[in-house]
Amino acid sequence: MVQGRLKVVVTRALPEVVETRMMELFDVELNHDDVKLSREALIAAMQRADVLVPCVTDRLDADMLGQAGERLKLIANYGAGVDHIDTITAHNRGIMVTNTPGVVTEDTADMVMALILAVTRRIPEGQAVMQAGDWNGWAPTAFMGQRLTGKRLGILGMGRVGQAVARRAQAFGLSVHYHNRRRLHPDVEARFEATYWDSLDQMLSRVDILSINCPHTPSTFHQINARRLKLMKPTAVIVNTSRGEVIDENALTRGLRSGDIGGAGLDVFEHGHQINPRLRELPNVVLLPHMGSATVEGRIEMGEKVLLNIHTFADGHRPPDMVLPSML
């Protein structure tokens, strides 16, 4: 059991109810201005904290973790993905890492469907015309998109979010196809009437829509590259709410510009908030500022997970959402 009140440093502003509860339980240093901390500021935070609460915008590499103070024993990440944290170095230095899995599954799956609809039914294009006051009335061939019913949806990564997407896809009349590191149990496949593809290449050549729901790992970096984009139908739509690094963004931009790919809905980007400017010029692309988990309920539940992990650690027990390098 940790003696005294834990020193907890939070790198970004969290929902007020979460920050208030943290203040009641721990000696907390908040980021009231919600300004992204510099590399130097993150190192300094790790030198004075017992617990660091970072999020996806805070990259903690091996060199930074090597400069952490001896008192730092827990990195309680505010978010499910931990690819921005060198978990191996943290583990070797005796620093536990936790995350917040499961709580934004439904929110993210909702956003997948929103992006699919936005791209296939050309919703942003229609809105732009209305906002500009350029609509001259209904026309038989105006803004024609694609019907979802009867189309094939390919899901790359059939974990919690992938399965939540599959459940929604069934309601829209989409047939579900998936590629995963491990094939699901037959009962789960039957529930979604899902077709498993051991070969990602073969799945990509057959689907009309691709939803990327896998984490960013060394094996998934640029998994959707120029060669694989060429395998897809010229009418195919790609939606990514997972991690931007899974797609070679330059290759995707070229494919969209040339007409080799029908459209894309992107909530995440390969280089964080630095978006390829050519993507903004394309009418068949919908871009969102990483909004997949942005619901009041989801963000509060993420905070509750963080609080539980810290509180369990303070009581001398293994946090429920502990992340080990072997799990990634």
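In this predicted model, Phe143 is partly exposed, with a relative accessible area of 35%, a value that lies between the 20% under which a residue counts as buried and the 50% over which one counts as exposed. The residue is found in the loop between helix H6 (123-132) and strand S6 (152-156), and together with Met130, Trp135 and Trp138 it forms a nonpolar patch on the surface, the four residues having about 540 Å² of accessible area together. Phe143 can belong to such a patch because the residues that make one up need over 30% relative accessible area.

Tyr178 lies in strand S7 (residues 175-179) and Tyr196 in strand S8 (residues 195-196), so the pair ties together parts that are 18 residues apart in sequence. Both tyrosines, Tyr178 and Tyr196, are buried, whereas Phe143 is partly exposed.

The remaining part of this walk concerns a sheet. Strands of a sheet pair through backbone hydrogen bonds, either parallel or antiparallel. Here 5 strands form an open sheet with parallel pairing, in the order S2-S1-S3-S4-S5; strand S2 (27-29) and strand S5 (96-98) are the edge strands, each pairing on one side only, and from one strand to the next the twist averages 20°. Within this sheet, strand S3 (residues 51-53) and strand S4 (residues 74-76) run parallel and are joined by 2 bridges, with Leu74 in S4 as the bridge partner of Val51.

Conventions:
Residues numbered from 1 in each chain as written. Predicted model: local features only at pLDDT ≥ 70, side-chain atom pairs only at ≥ 80, totals over all residues. Heavy atoms only, no water. Patch = residues over 30% accessible without salt bridge, like charges linked within 9 Å, V, L, I, M, F, W, Y side chains within 5 Å. Areas by Shrake-Rupley, 256 points an atom, 1.4 Å probe, with all protein chains shown as cover. Salt bridge = Lys/Arg side-chain N within 4 Å of Asp/Glu carboxyl O. Helix = DSSP H or I, 4+ residues; strand = E, 2+ residues; numbered from the N terminus. Buried < 20%, exposed > 50% of the residue type's maximum accessible area, 1.4 Å probe, protein only. Pairing = 2+ DSSP bridges. Axes fitted to C-alpha atoms, helices over the stretch in contact; angles between N-to-C directions.
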